[in-house]
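Please read it with the structure open.

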Amino acid sequence: MKALGSSGWKGPVKFRMPTAENLVPIRLDIQSEGQRYKDAFTWNPSDPDNEVVVFAKRTVKDLKLPSAFITQIAQSIQSQLSDFRAYEGQDMYTGEKIIPIKLDLRVNHTLIKDQFLWDLNNFESDPEEFARTLCKDLGVEDPEVGPAVAFAIREQLYEIATQSVASAKESRLSKKSRRGSDHGSASKASGLSMDLVKLFSFKSSVVRKRKDLDVYEPVVDLLTSEEVDALEAREERHAR
Amino acid sequence: MEAIDSSAELELYTIPAQSSWFLWDDIHEIERREFEEFFSESSITRTPKVYKEYRDFIINKFREDTSRSLTFTSIRKFLVGDVNLLQKVFLFLDKWGLINFAPSLNDNDTLSSVDNAKIEQGTPAGIRVTATPNSLRPITAPPLVEQRTVSGIKLPPLTSYSDVFSDLKKPDDVLLCGHCAERCDSAFYQHNKSIVNLCEKCFKNGNYGGETNAAGDFKLVGDSAAAVWTEEETLLLLESVLKHGDDWELIAQSVSTKTRLDCISKLIELPFGEFLMGSTSGRLSSAVPTEDEDTEQVKTDGQEHEETEMREENEDEDGPPAKRKRVALISDSDSSLVKQVATMASKVGPSVATAAAKAAIAALCDEASCPKEIFDTGDYTDSTVDRADGDKDTDMEEQKEEKDGAQGLPVALRIKASVATALGAAAAQAKILADQEEREMEDLAATVIDQQLKKVQSKLKFLDQLELIMDAEEEVIEGGKETILQERISVLQCAFRSGVTKRWDHTYVK
């Protein structure tokens with residue numbers, strides 16, 4: 001019979017987004033000729049590369065941006081995609097890793113703060129589905145909030161996944177013995193994962209303690225136009 | 001908390017009959033199969049104990065107040081663990097009716113999206129795909145394809161059209177906003193249940209006029225000024241679309257009383273509007289109904305409508321119109337015949353329409369025993385194609401000639417021709433529907449076969465496991481046999497050593 005502690009270790013998997021659909025989060029922030037274009041969306045890395053240029057052209061046309069933006073947008077997207085592809089050939093360790101994901105974002109008039117646990121090992125997870133349920137249950141009407149939430153989740157997952165690739169490289173280089181120690185190193189590397197053994201042991205309950213409830217509760221705020229303007233002005237100042 | 005126990009308060013909870021397998025104390029086979037990850041001993045965060053805790057907590061939370069519908073987000077904060085897994089458990093319980101199953105609950109969620117007009121795709125309104133009745137799961141209708149709230153395709157009114165009733169209508173009652181008591185000029189929000197109205201400003205500021213009202217209760221009643229399109233405006237719109245193509249700012253300027261969005265939406269509503277937007281060289285300006293008043297002209301215009309639609313479709317290199325147009329049913333019979341013909345012709349592809357027209361005219365001529373040359377059908381189709389390659393100006397001239405020529409035809413025949421065309425188009429549509437149904441039947445058959453296969457596979461799996469168990473048991477028994485044999489041998493040895501020979505001497509005795 002296996003001891004419960006070491007049974008969480010699984011062999012290394014090829015790098016990919018740990019979600020049901022392997023979509024890459026792409027963030028754009030381009031300034032040129034006095035105009036600024038900020039956007040965030042998900043891209044399917046298995047799309048052919050010429051789609052990037054088509055997308056850039058269409059965006060520039062729809063938003064009536066100067067045509068200098070086309071090349072810049074296409075370049076930015078392509079460099080982020082090639083970063084992703086650079087990770088793709090490598091291994092990442094997917095031991096039992098449940099990490100807290102935090103949301104703190106503002107979309108138009110809606111402000112969302114939330115925190116919840118996400119299992120990196122669950123390759124059937126779906127940020128879009130989660131975002132949809134969140135918006136539906138909380139009665140959020142603005143249709144832009146859902147995708148923004150899904151994007152934020154994806155970004156964080158991407159970051160942690162790339163970190164696990166880096167840590168996998170390190171542990172391979174240092175040539176430690178694998179049995180049992182990788183479980184610890186994989187989870188410690190990110191510094192964020194929870195102490196699973198303690199939480200899920202036979203004696204403790206899975207129901208969260210009362211003092212932690214506030215942290216894990218989603219909060220949605222509707223802002224007035226003045227507050228939105230104030231916040232935007234503050235963000236601009238920070239960006240400079 | 002037992003559902004039915006011997007305590008003084010008997011609390012009864014309704015669950016669907018298919019879920020009667022559920023027990024508090026145990027985890028049923030259905031749950032084990034659905035949530036294999038909890039029972040495979042492969043991780044420390046997923047154990048049967050954890051699963052049972054999740055499940056019991058969610059059900060208890062629901063039963064605290066069965067009148068309200070439990071949302072995933074409200075219980076998510078209480079449980080430690082991967083939220084995707086929790087959602088899976090939640091959806092499982094919801095599907096089996098162990099939570100959120102009470103007669104007092106109103107299913108508001110599916111209705112909330114009716115306000116947004118959505119495009120109907122796939123099966124037409126009369127056909128609905130349902131689950132097979134043999135499956136274990138409770139039969140639920142798949143989410144209804146959301147219907148278009150805007151009814152069908154509206155044609156611009158014919159010149160003989162006059163709205164007799166609009167004069168009788170009283171001018172709109174002055175609408176006062178429920179909150180700030182000002183006049184609501186154009187767009188205002190109306191409460192779903194009461195007659196409270198709010199002007200746009202108040203709605204945006206969040207003053208909903210009363211504590212109990214929430215944002216979701218209000219429905220936007222559109223801008224009345226923008227909804228009505230007079231003929232002149234439509235004409236202006238079409239001309240400016242031809243002139244400016246895709247540039248909506250300029251179009252909105254030419255059609256001065258309408259905003260950009262109104263222009264776009266009106267153009268989409270027109271049956272040939274999408275072709276205009278797609279084709280780079282529009283040829284339509286002359287075909288829009290002009291100021292002629294007598295009835296003959298009206299009918300000519302109507303037929304021109306149809307012809308120019310067909311011509312447009314011939315020109316359009318994108319191919320036949322989108323599938324959804326083909327499938328939408330022609331429902332109302334109160335619009336004029338020519339309108340209907342035009343509608344049908346616009347829904348069917350160009351080759352189909354011309355074929356239908358040809359067949360219709362042939363049938364008519366046989367019936368009325370008049371020579372086919374009146375209709376000059378060959379020239380119709382060829383010349384329309386030719387004209388498509390031709391110049392815009394010559395186009396207009398030729399079309400004027402044709403109009404004059406067509407006037408020579410008796411009115412009755414023309415009407416018959418249009419009717420026959422309509423019937424031809426309807427036949428084509430019926431075939432398309434039939435094809436679709438066939439495809440759907442194949443789909444369903446494939447699904448059924450799939451399910452059967454899955455059943456067989458799971459049975460095989462089960463048998464495999466049994467076999468493993470049997471093997472293990474066999475080994476144990478073998479081991480048992482060995483030990484017994486060993487023991488016998490040792491007993492024999494002891495006996496031999498101690499010199500007991502009585503039993504084994506019988507061979508010698510003999």
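**Salt bridges, strands, pocket and patch**

1. The side chains of A:Arg27 and A:Glu155 form a salt bridge, 2.8 Å from N to O. The two residues sit far apart in the chain: A:Arg27 is in strand β2 (residues 24-32) of chain A and A:Glu155 in helix α4 of chain A, 128 residues apart. A salt bridge here is a side-chain nitrogen of Lys or Arg within 4 Å of a carboxyl oxygen of Asp or Glu. Helices (H or I, at least four residues) and strands (E, at least two) are DSSP runs, numbered from the N terminus.

2. A word on the basis. This is a predicted model, in which local features need pLDDT of at least 70, side-chain atom pairs count only at pLDDT 80 or more, and totals for chains, interfaces and linings use all residues. Residues are numbered from 1 along each chain as its sequence is written, chains are lettered from A and ligands numbered from 1 in the order in which they are written, and side-chain values use heavy atoms, with hydrogens and water left out.

3. How covered is the first pair? A:Arg27 is partly exposed, at 43% relative accessible area. A:Glu155 is also partly exposed, at 28%. The cut-offs are: buried under 20% relative accessible area, exposed over 50%, partly exposed in between (1.4 Å probe, protein chains only).

4. By the salt-bridge rule, the count over all chains is 15. One of them joins A:Asp114 to B:Arg76, again at 2.8 Å from N to O. That pair crosses between chains, from strand β6 of chain A to helix α4 (residues 72-76) of chain B. A:Asp114 is buried at 5% relative accessible area. B:Arg76 is buried at 3%.

5. Chain B has a linked set of charges. B:Glu31 bridges to B:Arg55, with the closest N and O atoms 2.8 Å apart. B:Glu31 lies in helix α1 (residues 29-34) of chain B and B:Arg55 in helix α3 (residues 48-64) of chain B, 24 residues apart. Both B:Glu31 and B:Arg55 are buried. A network of salt bridges links B:Glu31, B:Lys52, B:Arg55 and B:Asp56.

6. Next, the strands. β5 (residues 98-107) of chain A has seven of its 10 residues buried. β5(A) runs antiparallel to β6 (residues 110-119) of chain A, joined by 10 bridges. Strands count as paired if DSSP finds at least two bridges between them. A:Pro100 stands opposite A:Leu117 in β6(A). β5(A) and β6(A) make a hairpin with two residues between them, and A:Asn108 in the turn has a positive phi of about 50 degrees.

7. The second largest pocket has a volume of about 1100 Å³. Its lining has 30 residues; A:Arg27, A:Lys38, A:Arg106, A:Val107 and A:Ala148 lie nearest its centre. α4(A) gives the most to this lining, with seven residues. A pocket is an open set of points on a 1 Å grid over the protein atoms alone, where a 1.4 Å probe fits, with protein on both sides within 12 Å along at least five of seven lines; lining residues have an atom within 4 Å of a point.

8. Last, a nonpolar surface patch of about 560 Å² is made by B:Val456, B:Leu460, B:Phe462, B:Leu463, B:Leu466 and B:Ile469. Patch residues have over 30% relative accessible area and no salt bridge, and nonpolar side chains (Val, Leu, Ile, Met, Phe, Trp, Tyr) are joined within 5 Å. B:Leu460 lies in helix α19 (residues 411-497) of chain B. B:Leu460 is partly exposed, at 48%.

How values were computed. Patch = residues over 30% accessible without salt bridge, like charges linked within 9 Å, V, L, I, M, F, W, Y side chains within 5 Å. Areas by Shrake-Rupley, 256 points an atom, 1.4 Å probe, with all protein chains shown as cover. Points joined across faces, edges and corners; volume = space filled by probe spheres on them.
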